[in-house]
Amino acid sequence: MSCILHIDTSTDVCSVAVSEDSHVIFEQIDRTGPNHAERLGTFVDEALSFTDNHAIPFDAVAVSGGPGSYTGLRIGVSMAKGICYARSLKLISVPTLELLCVPVLLRELVEEGALLCPMIDARRMEVYAGIYDRALRPVREVQADVVDAETYKPWLDRGKVYFFGGGAKKCMETIGHPNACYIDGIEPLAKWMQPLAERRLMQGQTEDVAYYEPFYLKDFVAKMPRNPLNSCKQ
């Protein structure tokens, strides 16, 4: 199989994990942030020491590719690129919103036919969200949303939609549809990257280490027509 180093710095949480043959064998998490610049280097050093001491060779580095915090993504991607260059490893990018879906699917919290709507918080009633089915096929592409009662109504009218992630809690009273369900406590963590990263590695979906850039929120907003989302949190 494979051994992959996983790095997530897309939100205030900083986490690093190592997976081997579909099992997580090392994990470090810090939720006191954002302090990625302080904690990430230590976590990565500990992960590399752990695998070196056990003579486990890495095959790739997986990094959360956004959307997410501009500063956090820059720190995580820079670290991932540096390790790939130093150890001649492949680079895998895992979309942050897909990453948020993994713990929900692994815990079987969503019934057949329901949709998943992971959300990353911006300011006020603004979020970055995508809509997926249970196979993580996009039903609606990732975009910036100003949430009101009508924002997700076309999908809610068809059936259950599960909202989760940092932006979801503040939206639930506003959405108010009987088919809207909220799952608490879901955050992007490096350990949840394992199934997504392994699938991408097996399918040859790796990135050019020299030119790869994550999905920065500021770049996404810059491409949009002028609207209130220009105040998004970086």
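**Reading backbone and burial**

Guide: At 67% relative accessibility, Ser88 counts as exposed; exposed means over 50% relative accessible area, buried under 20%, and partly exposed in between (1.4 Å probe, protein chains only). This is a predicted model, in which local features need pLDDT of at least 70, side-chain atom pairs count only at pLDDT 80 or more, and totals for chains, interfaces and linings use all residues. Residues are numbered from 1 along each chain as its sequence is written, and side-chain values use heavy atoms, with hydrogens and water left out.

Visitor: Where is Ser88 placed?

Guide: Helices (H or I, at least four residues) and strands (E, at least two) are DSSP runs, numbered from the N terminus. Ser88 sits in the loop between α2 and β5 (90-94), and has a positive phi of about 55° although it is not a glycine.

Visitor: What phi does Asp21 have?

Guide: Asp21 is not a glycine, yet its phi is positive, about 50°. The residue lies in the loop between β2 (14-20) and β3 (23-30) and is partly exposed, at 37% relative accessibility.

Visitor: Which peptide bond is cis?

Guide: The bond from Gly66 to Pro67 is cis, with omega near 5°. Pro67 belongs to the loop between β4 (60-64) and α2 (70-87).

Visitor: How many residues of helix α3 are buried?

Guide: Nine of the 11 in α3 (residues 96-106) are buried, so the helix is largely enclosed by the rest of the structure. Among them are Leu97, Cys101 and Val104. Just after α3, Glu108 takes a positive phi of about 55°.
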